[in-house]
Amino acid sequence: MGSTLTNSGSWKSLQAHYGTIKNLHLKELFEKSTDRGERFTVENVGIYFDYSKHRITEETLDLLFQLAKERGLEAKREAMFSGEKINTTENRAVLHTALRAPEGSTIMVDGHNVVPEVHAVLNKMADFSTKIKSGKWKGHTGKRIKNIVNIGIGGSDLGPVMAYEALKHFSQRDLSFKFVSNVDGNDFAEAVQGLLAEETLFIISSKTFTTLETMANAQTARSWALEYLKDPEAIAKHFVAVSTNEKEVSKFGIDPNNMFGFWDWVGGRYSMSGAIGLSTMIAIGPEHYHAMLNGLHQMDEHFRTAPLAQNISVIMGLLGLWYNNFFGAQTQAVFPYDKFLHRFPAYLQQLTMESNGKGVTLGGEKTDYETGAVYWGEPGTNGQHSFYQLIHQGTKIIPSDFIGFKESLNHLPPHQDYLIANMIAQGEALAFGKTLDEVKAEGIPDVLAPHKVFGGNRPSSTFFLDRLSPENLGKLVAMYEHSVFVQGAIWDINPFDQMGVELGKVLAQNIIPELQQKDSPIHHDSSTNALIKLYRG
Ligand code: F6P
């Protein structure tokens with residue numbers, strides 16, 4: 001019995017190999033091979049990826065690459081890039097890579113080339129962004145737009161807000177950007193605090209244009225705008241939509257001419273490089289936006305063409321799987337040593353966990369192995385002063401990604417040296433720790449010494465780039481996107497649907513009228529009934 005994965009030769013070899021390696025210490029590995037820190041690295045498309053501080057040997061890597069081959073990773077990768085309908089549960093192609101394909105290239109979906117449509121939307125976005133920037137686009141009362149409010153949730157929020165925050169340095173500072181996602185009315189109320197409706201543009205971002213939170217916020221935004229602007233004609237100047245659903249956009253009252261489209265072959269969490277990035281483009285301008293697309297595309301090409309052993313996303317994905325499936329690691333941490341990337345871990349949470357949080361194979365069989373890890377993180381150095389303690393001395397193994405930039409966007413010596421010294425030091429401390437003998441040699445009393453021991457042998461990757469430019473942000477995003485793909489391909493799951501979010505939505509729709517009609521009968525379990533009664537008062 002068992003799945004094809006756990007029955008495969010390479011899986012069994014990895015299992016046996018794990019037995020021989022699990023007690024090997026990174027210290028030993030580095031002592032044995034003094035150039036390990038150079039050998040276990042890849043430098044490509046402007047990313048230096050150091051994976052030497054992982055609990056692996058050459059043999060581990062060979063076995064992992066063998067597993068990837070045995071699971072048909074290369075063919076699956078090509079199937080994605082060439083527009084095959086690999087999202088089988090929804091019968092859709094998976095072509096976020098087409099959103100950043102250069103003009104003139106050809107990517108066929110259902111018999112037609114989608115690249116010209118992609119560029120038509122990008123041009124329309126550029127035209128609109130330029131009009132907002134120059135003040136040519138005027139609000140209903142003739143004033144220029146000063147505030148952009150993106151209303152969207154999940155992939156229609158996390159990408160835009162992450163990219164806006166990450167690239168703020170390149171943004172037009174006389175425009176303000178707000179992001180409303182939560183159905184909690186406080187989110188909307190706070191976002192529009194102090195804004196004038198006549199200077200405010202709402203971008204209603206929703207792939208489906210049916211999402212409860214976004215529709216509720218969009219309706220509230222319309223009421224808020226009309227309260228000041230009075231005239232329903234004002235909507236045309238203050239509301240634009242980003243969606244795949246023209247019918248619903250028109251129904252809402254937004255002129256389809258003011259709609260920026262995308263396609264069902266772009267998953268929500270993979271959509272930030274298309275029209276969902278409209279707020280990003282307005283903020284940083286078309287030129288920087290295209291630089292970001294170029295970075296994404298460079299990484300797409302790297303992933304598509306680099307041999308497995310030199311392929312950044314492949315190695316990342318396999319290392320994640322190694323800890324997840326053999327060491328039993330439950331989580332994966334991501335620590336950007338750059339404050340501008342403070343929403344990057346949140347963005348990655350949707351990307352990784354909505355994608356690979358699946359428990360059945362493409363064929364519908366229950367997996368007999370672990371799938372997606374819990375992703376989490378915070379920028380360094382802040383995390384060092386809160387939860388890093390557990391990573392250093394706790395009982396759990398938490399593979400960690402450190403992301404750093406050689407150059408800061410703000411030249412304020414000595415901050416950058418302090419920042420990067422801390423990042424490098426964390427990887428060093430995690431890997432090599434401090435032994436009891438070393439602690440005692442410092443004259444620490446015996447009673448305290450065990451508390452000061454760092455076991456080490458805690459794995460981490462370090463990614464170094466030159467600076468946090470739009471192009472490099474694009475590379476980082478695509479790098480993680482493809483590592484998710486690698487794992488999904490090996491686990492034989494579908495990283496491109498998200499059926500697990502449905503049940504809660506349906507149940508909420510049942511409960512809404514039960515909260516509003518206080519006398520209606522309720523037939524849930526005793527806990528749910530009690531909570532509803534408590535709220536009804
Ligand atoms: O509920 C999950 C989800 O479908 C995400 O996958 C998606 O990014 C988000 O909701 C928002 O969806 P939409 O863009 O259609 O409003």
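## Salt bridges

K146 and E199 join their side chains in a salt bridge, at 3.6 Å from N to O. The term means a side-chain nitrogen of Lys or Arg within 4 Å of a carboxyl oxygen of Asp or Glu. The structure holds 19 salt bridges. This is a predicted model: local features need pLDDT of at least 70, side-chain atom pairs count only at pLDDT 80 or more, and totals for chains, interfaces and linings use all residues. Residues are numbered from 1 along each chain as its sequence is written, and side-chain values use heavy atoms, with hydrogens and water left out.

R39 pairs with D35 in another salt bridge, with the closest N and O atoms 3.0 Å apart. R39 has 33% relative accessibility, so R39 counts as partly exposed. D35 is also partly exposed, with a relative accessible area of 33%. Buried is under 20%, exposed over 50%, and partly exposed in between (1.4 Å probe, protein chains only).

## Ligand contacts

The ligand has 15 residues around it, and S156, S206, K207, T208 and T211 come nearest. A residue is near if one of its heavy atoms lies within 4 Å. By class, this shell has two nonpolar, nine polar and four charged residues.

A side-chain N or O atom of S156 is 2.7 Å from a ligand oxygen. K207 places a backbone N or O atom 2.7 Å from a ligand oxygen. For K505, a polar side-chain atom lies 2.9 Å from an oxygen atom of the ligand. Taken alone, the ligand exposes 400 Å², and the protein buries 89% of that (Shrake-Rupley method, 1.4 Å probe).

Methods. Polar contact = N/O pair within 3.5 Å; in protein donor to acceptor, adjacent residues only side chain to side chain. Nonpolar A, V, L, I, M, F, W, Y, C, P; charged D, E, K, R; others polar.
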